[in-house]
Amino acid sequence: MAKVKLTKTELKAQKDALARYRRFLPMLQLKKSQLQAELGGMRGREEELGRREEELLEGVRPWIGLLADAGVPVPVALERVRTHAGNIAGVEIPVYDGVDLRRAEIDLFETPEWVDDAAEAASSLIGLRAEREVAAEQVRLVAEELRTTSQRVNLFEKVKIPECLENIRVINVALGDEQTSSVARGKIAKGRQARLAPGAADRREDEP
C-alpha cells in the first residue's frame, strides 16, 4: 500500500475516491452479469452451428467424392460474408447477415445431374461455416470484455475499496492523536502561563 499523507486534505481525497469506487462498482457488476448471460447464449449458438455444420458435411462428403472422381470442380465459391455491427453490453460485435456466393454456369448436358445438388449442398455448408466463424468472433470479443470487466470488479472489491477504507482509518487515527496532543499541549502551555503571570508567586505564598 502506498504511503498516504496524514492530512485533512488527503482524508477528503480518500473519501472522494471511496465514493467514486462504490458508485462505479454496481455498474461494473451489472455489466459483468450481462456479459456472462450473453456469453452463455453465444457459446450455445456456436456449438449448435458446429453440430449442424458437421451433419451437413457428412452429407456433402459423398458428393465431393463423386465430383473428384468425375473431375468436376465444385461450381460454388464464397465472395463475401455480410455482417453488420451489433452491440452487447457496450461491446461492438459482428452480426451475421449472410454470404454472397459465386456460382459457375454449368452445362446441364455435359455434367452429371447430381452436380447441381452438390452445388446446393456446398452453398449451405459455406453459409453455415461463415455463420459459425462470425459466432466464434462474437464469443471471442465478449469473453475478452468479460475478462477485463471481471478484473475491474475484483480490483475495486478486493483492492481499491479496502485500501481507501484502511487509509481513511489510519488518517482518522493520526488526526485524532494530533488533536489530543494539541489539546494536551494547550493545557500545559496555559498552566505555564498562569505560573509565570505577575503576582502568581505572591498568590502562592498567601495560600494557606
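Student: How many salt bridges does the count come to here?
Tutor: The count comes to 13 salt bridges. Keep in mind that this is a predicted model.

Student: What makes Lys31 and Glu145 a salt bridge?
Tutor: Their side chains meet at 2.7 Å, N to O. The cut-off is 4 Å between a side-chain nitrogen of Lys or Arg and a carboxyl oxygen of Asp or Glu, so the pair qualifies. Lys31 lies in helix α1 and Glu145 in helix α2, so the bridge ties together parts that are 114 residues apart in sequence.

Student: What makes Arg102 and Glu79 a salt bridge?
Tutor: Here the N to O distance is 3.4 Å, and the rule asks for within 4 Å, so this pair counts too. Arg102 lies in strand β2 (residues 91–103) and Glu79 in strand β1 (residues 76–88), so the pair ties together parts that are 23 residues apart in sequence.

Student: And which residue does Arg80 meet in a salt bridge?
Tutor: That's Asp100, at 3.0 Å, N to O. Arg80 lies in strand β1 and Asp100 in strand β2, so this bridge links parts that are 20 residues apart in sequence.

Student: Why is Asp100 called partly exposed?
Tutor: Its relative accessibility is 23%. Buried means under 20% and exposed means over 50%, so Asp100 falls in between. Arg80, with a relative accessible area of 46%, gets the label partly exposed as well.

Student: Why is Ser123 called buried?
Tutor: Ser123 has a relative accessible area of 14%. Ser123 is found in helix α2 (residues 114–196). Leaving aside neighbours within four places in sequence, Ser123 is in contact with Val76, Leu101 and Arg103.

Student: Is Glu38 buried, exposed or partly exposed, and what makes it so?
Tutor: Glu38 is partly exposed: its 36% lies between the 20% and 50% limits. Glu38 lies in helix α1 (residues 8–70). In space, Glu38 and Ala143 are 9.7 Å apart, C-alpha to C-alpha, while in sequence they are 105 residues apart.

Student: How do you know that the charged end of Arg23 sits over the ring of Phe24?
Tutor: The charged end of Arg23 is 5.1 Å from the ring centre. The distance limit is 6 Å, with a further limit of 35 degrees from the ring normal. The charged end of Arg20 likewise sits over the ring of Tyr21, 5.8 Å from its centre.

Student: In what order do the elements of the protein chain run?
Tutor: From the N terminus on, they go α-β-β-α-α, with three helices and two strands.

Methods. Residues are numbered from 1 along each chain as its sequence is written. This is a predicted model: local features need pLDDT of at least 70, side-chain atom pairs count only at pLDDT 80 or more; totals for chains, interfaces and linings use all residues. Side-chain values use heavy atoms; hydrogens and water are left out. Helices (H or I, at least four residues) and strands (E, at least two) are DSSP runs, numbered from the N terminus. Buried means under 20% relative accessible area, exposed over 50%, partly exposed in between (1.4 Å probe, protein chains only). Contact means heavy atoms within 4.5 Å.
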